[in-house]
Amino acid sequence: MEDMIHHMNWSGPNTPEAKKPHKTEALAVSSPELERGPRKRVSIILVSVAIITTIALFFVSLSYFRVVETEEAQSRLTLYKRSLNDTLERFQYLPFVLARDPAVINQARSNTGSGSDSLSIRLAEFASIAELEAIYFMDLTGEVLASSNYKAVKSFVGQNYGFRPYFQSALRGKRGEFFGLGATTGRPGYFVSEPVYKNQKLTGVIAIKLDMSELQDVWEQGGENVLVSNENGVTILSSQANWLYQTLSNLSADELQLIISNQQFGNQDLAPLNWQLSGTQAARLDDQNYIYASEPIERLSWTVHYFLSETRLYERAITATTVFGGVLAILLVFATFMRSVRIRTALDISQSDRAQLITTNTELQSAQEELSRSSKLAALGQLSASVTHELGQPISALRNHLAAAEIGGEITSMSTLGKLNKVIDRMENITKQLRFFTKPAFTGDTETWQDTALQDVVKGAMDLVEHDLISAKIKVDMDLCSDRLIVKGHRHRLEQVLVNLMTNSIAAMSDEDNKKLEITVRKDQDLAQIIVRDTGAGFGNRDVNKLQEPFHTTRASGDGMGLGLSITAAIIKEHNGILEANNIAATDNVQSGAELIVSLPISIS
């Protein structure tokens, strides 16, 4: 239809319309040529302004976000500084208290190994409660007489730490503080010591070791970049393990000698860290640029350094620029977009009309098929009424004449008589089938509908076709459900359904060697089913709906009118049932054939 309309509206080269000159077309051609130059210049100016504005916005955003990120780095630095101070201040009181503990003073007075076991046990209790790595008591030479880790493999008992600065500071009557790797365990620790007096006389030194590896692990898991350097510029704590025990600046010979004599960092190389300051708030570390912030802490002249990657800075600046650039791009293409909207709207309307036309054509085709089917059935009903009316009396008269001739001895050949009777029977059978379509739809009134057991329907139908089954030498297997399956309907019409199905199966197996018919009655949820299986030729590729149409048959010409399944389907539909047809594929144990399933609702009453 669309092609026809298009053909009717098209003007070829020989039509008058094609020969007429179109002035508007000429103007339309020349107008874009005149406007193309200014449009191109405007486009170049707009694009140039957009690029310059975007670049300027990027640098402004970069400057703004650098201030924001610098403030963020300073805030994070303050948190790390507070965390470190809290860790160091946590047990500052403990050495002072222990230095005045009678048990420690008595041990200091004896200044021998006697009683050290009891003091070690007491110190172990204190260390366990305070969660310290070790608490230990040293004599005036630096030898450890009692320690909380006296049971450990690497116990401090018997070790001499007289070379440690915290011990030497305590000998001078002052509190000692020191960070270094343990000379015995090799683990980093923060040491605090206090002198022990008896009658105002220095008799020993008590010290604690705070394990710093736990804080180190927390920083590593935080995923940020922070480190702590001591007074010599050596990194003693860091969130990155590969930055530990490296120097921020070159060590002097005296500084290096002092570190070695104190055994502060064991066998560490103390190599220079790959970093340099790029300004007061910027640094380059391991070939990456960072926003940098640092602050000293109150104890031991340590400094906390915080590094915030500039990657986030550029990401935020690029995001802001992208957003602005997107808005600018939207404004630049707005005019073009409005034009495309008009074109798209027209296209959508066209597509919508086309889709609606396709839908309408599909609906019309379906309606036409349904109308054709209804017309066929209506015509069949009218034809059936006429044929059955016109042939009914002649067939009856023919049978009467044949009977009279037989009685009068006018027919001498019994073979001829049998053939004539079969012809009359066939004619009557045809009129009976056609008479079905002249009756109104079955209404199921209370006089004809009743509760009927499917087992009784099977037995009644079997009585009607038993002779045909025996004549055709067909083996019959029946599996009737032990529970009586009750359906509401007309028993004789249901028997007619089963008789038609079995008759079709008998005809389908006429040319088969192994003839077998299976009748099964079963329950499937709220449905009662009769299943008829045969070993015939099957349905092939035919659709079950096509098989149910009147005059559609799989038999040879003259063997049937093709009304059996049509009548069967109509009766099943009257009983609110379903008819299904399936082919049975051949296997090692099963012969090919056909399967017909009649499903009827089980009666609730």
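The following legends describe close-up views of a predicted model.

**View 1. Packing of helix 13 against helix 14.**
Two packed helices are described by the angle between their axes and the distance between the axes. Helix 13 spans residues 454-471 and helix 14 spans residues 491-508; their axes lie 8 Å apart and form an angle of about 40 degrees. Helix 13 is therefore oblique to helix 14. The crossing of helix 13 past helix 14 is right-handed.

**View 2. Residues in the contact of helix 13 with helix 14.**
Helix 13 contributes Asp456, Val457, Val458, Gly460, Ala461, Met462, Leu464, Val465, Asp468 and Leu469. On the side of helix 14, the contact comprises Arg491, Leu494, Glu495, Leu498, Val499, Met502, Thr503 and Ile506. By class, the residues of this contact are twelve nonpolar, two polar and four charged.

**View 3. The salt bridge between Glu295 and Lys81.**
The structure contains 17 salt bridges, and one of them joins Glu295 to Lys81, with 3.1 Å between the closest N and O atoms. Glu295 belongs to strand 10 (residues 288-296) and Lys81 to helix 3 (residues 23-89), so the pair ties together parts that are 214 residues apart in sequence. Glu295 is partly exposed, at a relative accessible area of 22%, whereas Lys81 is buried, at 16%.

**View 4. The salt bridge between Lys488 and Asp451.**
The closest N and O atoms of Lys488 and Asp451 are 3.2 Å apart. This pair links distant parts of the chain, with Lys488 in strand 14 (residues 486-489) and Asp451 in strand 12 (residues 450-453), 37 residues apart. Lys488 is partly exposed, with a relative accessible area of 39%. Asp451 is likewise partly exposed, with a relative accessible area of 38%.

**View 5. The salt bridge between Glu574 and Arg493.**
The side chains of Glu574 and Arg493 meet at an N to O distance of 3.1 Å. Glu574 lies in helix 16 (residues 564-574) and Arg493 in helix 14, and the pair links distant parts of the chain, 81 residues apart. Both Glu574 and Arg493 are buried.

Thr520 is located in strand 15 (residues 516-524). Its relative accessibility of 14% places Thr520 among buried residues.

**View 6. The backbone at Gln200.**
Most residues other than glycine have a negative phi, and most peptide bonds are trans. Gln200 has a positive phi of about 65 degrees, although it is not a glycine. Gln200 sits in the loop between strand 4 (188-198) and strand 5 (201-211). This residue, Gln200, is exposed, with a relative accessible area of 80%.

**View 7. The backbone at Gln263.**
Gln263, although not a glycine, has a positive phi of about 50 degrees. The loop that holds Gln263 runs between helix 9 (253-261) and strand 8 (275-279). Gln263 counts as partly exposed, at 40% relative accessibility.

Notes: Residues are numbered from 1 along each chain as its sequence is written. This is a predicted model: local features need pLDDT of at least 70, side-chain atom pairs count only at pLDDT 80 or more; totals for chains, interfaces and linings use all residues. Side-chain values use heavy atoms; hydrogens and water are left out. Axes are lines fitted to C-alpha atoms, for helices over the stretch in contact, and angles run from 0 to 180 degrees between N-to-C directions. Helices (H or I, at least four residues) and strands (E, at least two) are DSSP runs, numbered from the N terminus. Angles under 35 degrees count as roughly parallel, over 145 as roughly antiparallel, 65 to 115 as roughly perpendicular and the rest as oblique. A crossing is left-handed if the near helix is turned anticlockwise from the far one by less than a right angle, and right-handed if clockwise. Contact means heavy atoms within 4.5 Å. Ala, Val, Leu, Ile, Met, Phe, Trp, Tyr, Cys and Pro count as nonpolar, Asp, Glu, Lys and Arg as charged, and the others, Gly among them, as polar. A salt bridge is a side-chain nitrogen of Lys or Arg within 4 Å of a carboxyl oxygen of Asp or Glu. Buried means under 20% relative accessible area, exposed over 50%, partly exposed in between (1.4 Å probe, protein chains only).
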